[in-house]
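Good morning, and thank you for the time on today's agenda. Please look at the model on the screen while I go through its main features.

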Amino acid sequence: MKRRLFRFPLVAAFASLAALPAAAAPEVVTDIPPVQSLAARVMQGVGAPASILPPGATPHGYSMRPSEAARLEAADIVFWVGEGLTPWLEDAIGSLAADAVSVELMEAPGVALLEFGEEGHADHDDDHKDEHAHKEEDGHEHHGDMDPHIWLDPANGKAMLAEMAARLAEIDPANADAYKANAAAGAAELDALAARVEAIVAPVRGKAFFTAHDAYHYFEHRFEIESEGSVALSDAAPPGPARLHDIRSEMREHGALCVFIEPQLDPKLAKTAAEGTGARIAALDPLGADLEPGPGLYPTLIEGLATSLADCLAQ
Ligand SMILES: [Zn+2]
């Protein structure tokens, strides 16, 4: 670890300095607040991970500020979803954090991937990986055909906890037991979370709704609810007038009860699309923009999605 290598000469030079921590926690950097939350759960009692993306920003297009670049430069390990979510981050990790361990969570063991816009293929996730995670010429795994919003399924959240604990244990063996115990406790919390979400969404299953951008397949797939469509596609790029027109027709056709806007996206487009359809406007937050960062953000975020959906659709 860079930090520790850096500290040894200091310790030697100031041998009389008391009480440097026996095992300083590694510098952990994450991409988005939900990933930071999972890492914070794994590191509870040991250290605190940083997040690059500030609350309220969209991961699909972002320019790092100097302070965020500096954070990346200081990293011993980077946990990030992958280039499909944050295309701007891959080069930055390569140039700023070249000697850090880079962990793409879309490639983590146990993380089930879904294709874009697809439902109901739980049994075939492994086949999908084989078919679509083709190797590019540089040998780097490419998940360009797979939906990157993996954290919205708490089962993937559990797989990410386990991967984070394993990778942290490798670079910081002194705290390996704490990481693994935290990940196990966190996994049990996510099982309880999934049971709560199941109970919340059960009464509104089958009701028609649209989302602001195509981000919720993992949540929908896990909890057997399904949006009829989205205003923007999965990269959150704003739709043109023709698409807005089509979406409005689809909302009418499906009798959409609700259209969900997002804090990270301009609500005008979703509101325009919903005009005259009778659909109510409500909000879904896939990133936790208004939530306090830390271990509690992730479960609050997932349960919040369920509550927002149920509150609007039950009316
Ligand atoms: Zn998204």
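Which elements each supply at least two residues of the lining of the second largest cavity? They are β5 (209–213), α8 (217–223) and α11. Before I continue, a word on the source: this is a predicted model, in which local features need pLDDT of at least 70, side-chain atom pairs count only at pLDDT 80 or more, and totals for chains, interfaces and linings use all residues. Residues are numbered from 1 along each chain as its sequence is written, and side-chain values use heavy atoms, with hydrogens and water left out.

Let me first describe the chain. The protein chain has 11 helices and eight strands; these are DSSP runs numbered from the N terminus, with helices being H or I of at least four residues and strands E of at least two. Of its 315 residues, 49% are buried, where buried means under 20% relative accessible area with a 1.4 Å probe, protein chains only. Among contacts (heavy atoms within 4.5 Å) with a separation of 6 or more, 64% are between residues 24 or more positions apart.

I turn now to the metal. The zinc ion is coordinated at 2.0 Å by the NE2 atoms of H60, H149 and H213. Donors here are N, O and S atoms within 2.8 Å of the metal (3.2 Å for Na, K and Ca), and water is not among the atoms, so sites may look incomplete. The spacing of the donor residues in sequence is H-x88-H-x63-H.

S230 touches H213, and its other contacts, not counting residues up to four places away in sequence, are F210, T211, D214, R243 and I247. S230 belongs to strand β6 (residues 229–232) and is buried, with a relative accessible area of 5%. A polar atom of its side chain lies 2.8 Å from the backbone oxygen of A232.

On a 1 Å grid over the protein atoms alone, a cavity is a set of points where a 1.4 Å probe fits but cannot get out, a pocket is an open set with protein on both sides within 12 Å along at least five of seven lines, and lining residues have an atom within 4 Å of a point. There are two cavities of 30 Å³ or more. The largest cavity has a volume of about 60 Å³, and of the 13 residues that line it, P59, H60, H213, P286 and L287 are the closest to its centre. The second largest cavity holds about 40 Å³, and its lining includes F209, T211, Y216, L284 and L305. Volumes are the space filled by probe spheres set on grid points, which are joined across faces, edges and corners.

The largest pocket has a volume of about 150 Å³. Helix α11 (residues 297–313) gives the most to its lining, with five residues. Residues lining this pocket include P263, D285, T300 and S308.

Finally, why is helix α2 (residues 33–42) described as largely enclosed by the rest of the structure? The description holds because 10 of its 10 residues are buried. Their cover includes β1 (28–30), β2, β3 (77–80), α6, α7 (176–201) and α11.

Note on methods
Buried means under 20% relative accessible area, exposed over 50%, partly exposed in between (1.4 Å probe, protein chains only). A polar contact is a pair of N or O atoms within 3.5 Å; within protein, one must be able to donate a hydrogen and the other to accept it, and residues adjacent in sequence count only if both atoms are side-chain atoms.
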